[in-house]
Amino acid sequence: MKSMRLMMKALYTITFIIILATMTNKISGQEDNRYNLLNEFETYVIEKKGTERAWTGNYTNLKDDGTYLCKKCGQALFSSDDKFDSHYGWPSFDDEIPGSVKSVPDADGLPTEIVSSNCGAHLGHVFEGERFTARNLRYCVNSVSIDFVPEDLGKGRYGTAILAGGCFWGVEYYLQKMKGVKSVVSGYTGGHVKNPSYKEVCTGRTGHAEAVKVVYDPQKVSYEAIVRTFLEIHDPTQVNRQGPDIGDQYRSGIFFMNDYQRDMAQKLINILKGKGYDIATELTKAGEFYEAEKYHQDYYFEKGTLPYCHSYVKRF
Ligand SMILES: [Zn+2]
């Protein structure tokens, strides 16, 4: 009998160690999400230092107000204020967002390469002395190396993402732990009642989803990385439920703030669909976001326990 008990004890210990090991693995897997996914052509330019053909990029003639981010890591690189027309066939800037671009001088007299200071992504080259503008610099950048967002995201400015993935306590718990995430607030959005209470939302009659508002530093983490993690910490194939929580208010949804966010979210959903996931996540234009009652904020951190309804599952 005693040996039996000892064996059981050993078995429990081993199981416990395996569970612990898996958890550690999962957490490190989550950190691998730091960089955005690149397609073949993006990899050619960004990783292999290729150059897109002149006049073929999306941003050469774009004159909208906003910020250009690193395609690979999401760091804010250039402001539309510093963009000018060089007639060379690539987007041209005469300044960078301070500290975001690194020059790599070439000893052979070739043009100076420029890379993202955060991740080393190849952006293009910088030319001096052409007298286009008073700064006398031309950052010649591949459109494919950058993403445009119609927001002012210079140093110290933050981006916003609104996401719904079931009980907001769990979503908040995991996203809060991402590097570069400044704050995650639990709340309600997507419904038709002003200032709803938790009780009202729970009836499922307000149309609202439990959601989180994520404020992040685009210099450190990208919208893509946040949405990708979001799609891995809840089950985006469940319709109007998340595990034990059932109802319209627990639906999976991405509430986009602009075209860039919509396209990025759609891209990630399409990747998962391509992998055979029957994605239920709805893409909706962001509307009013109502903060939830104070006792819902930082629920698991205050309580010191782990979420019952969410866990990390690698899907990308
Ligand atoms: Zn980068």
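User: Over how many bridges do strand S1 (residues 67-70) and S2 pair?

Analyst: S1 and S2 pair over 3 bridges, in the antiparallel sense. Two strands count as paired if DSSP finds at least two bridges between them. Strands themselves are DSSP runs of E, at least two residues long, and helices are runs of H or I, at least four long; both are numbered from the N terminus.

User: What kind of model am I reading?

Analyst: This is a predicted model: local features need pLDDT of at least 70, side-chain atom pairs count only at pLDDT 80 or more, and totals for chains, interfaces and linings use all residues. Residues are numbered from 1 along each chain as its sequence is written.

User: How many helices and strands does the protein have?

Analyst: The protein has 7 helices and 17 strands. Next, look at contacts, meaning residue pairs whose C-beta atoms, placed from the backbone, lie within 7 Å. Take the contacts with a separation of 6 or more: residues 24 or more positions apart account for 70% of them.

User: Which sheet does S1 belong to, and in what strand order?

Analyst: S1 sits in an open sheet of 3 strands, ordered S2-S1-S9, with antiparallel pairing. Strand S2 (76-79) and strand S9 (146-149) are the edges; each has a single partner strand, so one side of each is left without a neighbour in the sheet. From one strand to the next, the twist averages 30°. For such angles, axes are lines fitted to C-alpha atoms (for helices, over the stretch in contact), and angles run from 0 to 180 degrees between N-to-C directions.

User: What is the strand order in the open sheet of 6 strands?

Analyst: Its order is S16-S15-S10-S12-S11-S17, and the pairing is mixed. Strand S16 (282-285) and S17 are the edge strands, each pairing on one side only. Neighbouring strands are turned by 35° against each other on average, direction ignored. Helix H3 packs on this sheet and touches strand S10 (159-165), S11 and S12. The direction of H3 makes about 165° with that of S11. Helix H6 lies across strand S15 (252-256) and S16, at about 150° to S15.

User: How many bridges join S11 to S12?

Analyst: Strand S11 (residues 181-189) and strand S12 (residues 209-216) run antiparallel and are joined by 8 bridges. Val181 stands opposite Tyr216 in S12. Ser183 stands opposite Val215. S11 is also joined to strand S17 (residues 289-291), again antiparallel, by 3 bridges. There, Tyr188 has Tyr290 as its bridge partner.

User: At what angle do H5 and H6 pack?

Analyst: Helix H5 (residues 223-233) and helix H6 (residues 259-274) pack at about 40°, with axes 10 Å apart. That makes H5 oblique to H6. The cut-offs are: under 35 degrees roughly parallel, over 145 roughly antiparallel, 65 to 115 roughly perpendicular, and the rest oblique. The crossing is right-handed, meaning that the near helix is turned clockwise from the far one by less than a right angle; anticlockwise is left-handed.

User: Which residues of H5 and H6 meet?

Analyst: On H5 they are Tyr223, Glu224, Val227, Arg228 and Leu231; on H6, Gln261, Met264, Ala265, Leu268 and Leu272. This contact has 7 nonpolar, 1 polar and 2 charged residues. Nonpolar means Ala, Val, Leu, Ile, Met, Phe, Trp, Tyr, Cys and Pro; charged means Asp, Glu, Lys and Arg; the others, Gly among them, are polar. Here is a general idea for reading such lists. An α-helix has 3.6 residues a turn, so residues three or four places apart point the same way.

User: How do the axes of H3 and H5 cross?

Analyst: The axes of helix H3 (residues 168-176) and H5 come within 10 Å and cross at roughly 135°. H3 and H5 are therefore oblique to each other. Val171, Tyr174 and Leu175 of H3 meet Ile226, Thr229, Phe230 and Ile233 of H5. By class, that is 6 nonpolar, 1 polar and no charged residues.

User: How many residues of H5 are buried?

Analyst: Buried means 20 or more other C-beta atoms within 10 Å of a residue's own, exposed means 12 or fewer, and partly exposed lies in between; C-beta atoms are placed from the backbone. In H5, 11 of the 11 residues are buried, so the helix is largely enclosed by the rest of the structure. Across the protein's 316 residues, buried ones make up 39%.

User: Is His87 buried or exposed?

Analyst: His87 is exposed, with 8 other C-beta atoms within 10 Å. His87 lies in the loop between strand S3 (83-84) and strand S4 (92-93). Its phi is near 60°, a positive value in a residue other than glycine. Arg131 also has a positive phi, about 60°, although it is not a glycine. Arg131 is in the loop between strand S7 (122-128) and strand S8 (137-141).

Terms used. Two residues are in contact if their C-beta atoms, placed from the backbone, lie within 7 Å.
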